[in-house]
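Colleague: I am new to this structure and would like to go through it with you step by step. Could we begin with its charges and overall build, and then turn to some of its strands?

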Amino acid sequence: MPRRITKAVIPAAGFGTRMLPFTKAVPKELIPLVDKPVIQYVLEEAVDSGITDILLILSEGKEAVLNHFRPHPALEARLKESGKIELLKSITPFSSDVKISCVWQEELDGLGGAVKLAEEFVKDDFFAVLLGDTVLDSTCDIPVTRQLIEAHELTGNSVVAVEKMAVELLGSYGCIGGIPVAESVLLVNAMVEKPLPHEVPGEFAVASRYLLSPEIFALLKSTPRGKANEIQLTDAIKQLIPSNRLNARIISGHRHDLGSKAGFLAANIAFALRDPKLAGAINQKLAALSPEIAAKFVK
C-alpha cells in the first residue's frame with residue numbers, strides 16, 4: 001500500500017510580472033481573494049487534504065509570505081480580548097501539528113528549478129506540489145490535492161491534476177493525452193508544455209497541482225533546460241510516461257489563476273457573490289454601476 005502523503009511543496013518565488021505594478025513591492029501570493037491572500041487558500045487546501053509538513057520555495061523580497069504564517073502575539077491577544085474569535089481563527093488557521101518551513105531560491109530558473117530545492121525536505125517520500133498563485137476550488141467535498149492523493153493510492157504512480165479545456169486555450173498550459181483507467185483517472189501517454197496547435201495531444205490542461213515520486217529529483221538533474229532557458233518541470237515529469245508511471249486526475253473543481261489581472265478580478269467577483277455576507281451588497285453595487293453588468297454576474 002502507498003504510504004500516507006504528508007508533505008507538500010509550494011513554489012512561490014516568481015516575480016509576478018503579470019500583476020505589475022502591484023507586485024513590485026507585494027508578492028503575488030499575497031494578492032487578496034476577498035479577504036484572504038491567495039497562498040492561504042493554497043495552504044488550507046493542502047492541510048484539508050491531510051498534509052502536515054509544508055515547504056515554501058521563496059526568493060528575495062518574499063519575506064512577507066513567510067511572515068503571514070508566523071504568530072503575531074500582540075494582534076492575537078487584542079482579538080481575543082475584544083471577543084473577535086472568528087477573526088482570530090482567520091489569522092491562525094492551522095493547528096500546531098502543521099509545520100511550515102521555507103528555502104530560498106537564489107536563481108529563478110523555472111518551476112523545475114524551484115522543485116529541485118525540495119529534495120532534502122522530501123527525502124524518499126511522495127509529495128504534493130501546489131502552485132502558490134492558483135486557487136483550485138473543489139466542486140465536491142474532497143479538496144483537489146486529496147483527489148490526487150486518492151488517485152495515487154489507486155495506481156501507486158505520480159499524478160498530475162488536469163481539467164478539460166477548449167482546444168484553442170490549451171497553448172497557454174501544459175497539456176496531456178491519456179487513456180481512462182478508472183473514474184476520472186487517466187494513464188498519461190503524452191505531455192506537452194504550452195503546445196503549438198499541431199502539438200496538442202489531448203483536451204486536458206495541467207491544473208497547477210502535482211503528486212510526485214521522489215525520483216523526480218534525479219529526472220530534474222538530468223533534464224536539459226527548455227523554453228526560456230529554464231528547467232521545465234513538465235520535461236522531467238513526462239519521462240515517467242514510457243514506463244507507465246504517470247497518471248492524471250480529471251479534477252472535480254475549478255481553477256482560479258490569481259496571477260493574471262482577469263483571473264484576479266473574476267475570482268474575487270465569484271467568491272464575493274457566494275458569500276452570504278457580501279452577495280447582497282455586491283449585487284446592489286453592480287446594479288448601481290450597470291444593470292447590464294449585474295445581469296451577467298448575478299442570478
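Colleague: How far apart do the centres of the positive and negative side chains of the protein chain lie?

Modeller: This is a predicted model, and every value I give is computed from it. The protein chain carries 33 positive and 36 negative side chains.

Colleague: How many helices and strands does the protein chain have, and what is its radius of gyration?

Modeller: The protein chain contains 12 helices and 13 strands. For 299 residues the globule rule gives 19 Å, and the value for this chain is close to that, so the chain is as compact as a globular protein of that length. Along the principal axes, its C-alpha atoms fill a box of roughly 60 × 45 × 40 Å, while the radius of gyration is 20 Å.

Colleague: What share of the residues counts as buried, and what share of the accessible surface belongs to carbon and sulfur atoms?

Modeller: Buried here means under 20% relative accessible area, and of the 299 residues of the protein chain 45% count as such. The accessible surface of the chain comes to about 15,300 Å², and the part of it that belongs to carbon and sulfur atoms is 55%.

Colleague: Which residue in the turn between β9 and β10 has a positive phi?

Modeller: Strand β9, residues 174–182, and strand β10, residues 185–193, pair in the antiparallel sense over 8 bridges, and within this pairing Cys175 stands opposite Val192 in β10. The two strands form a hairpin with 2 residues between them. In that turn, the residue with a positive phi, of about 65°, is Ser184.

Colleague: Which residue of β12 is the bridge partner of Leu187?

Modeller: Strand β10 also pairs with strand β12, residues 246–250, in the antiparallel sense over 3 bridges. In β12, Arg249 is the bridge partner of Val185, whereas the partner of Leu187 is Asn247.

Colleague: Is β12 largely enclosed or largely open, and which residue of β12 does Val162 stand opposite?

Modeller: Of the 5 residues of β12, 4 are buried, so this strand is largely enclosed by the rest of the structure. Strand β8, residues 158–164, runs parallel to β12 and is joined to it by 5 bridges. Across from Val162, the residue in β12 is Ile250.

Conventions: Residues numbered from 1 in each chain as written. Predicted model: local features only at pLDDT ≥ 70, side-chain atom pairs only at ≥ 80, totals over all residues. Heavy atoms only, no water. Pairing = 2+ DSSP bridges. Rg over C-alpha atoms; globule rule 2.2 N^0.38 Å. Buried < 20%, exposed > 50% of the residue type's maximum accessible area, 1.4 Å probe, protein only. Areas by Shrake-Rupley, 256 points an atom, 1.4 Å probe, with all protein chains shown as cover. Lys, Arg positive; Asp, Glu negative; His and termini not counted. Charge placed at Lys NZ, Arg CZ, Asp CG, Glu CD.
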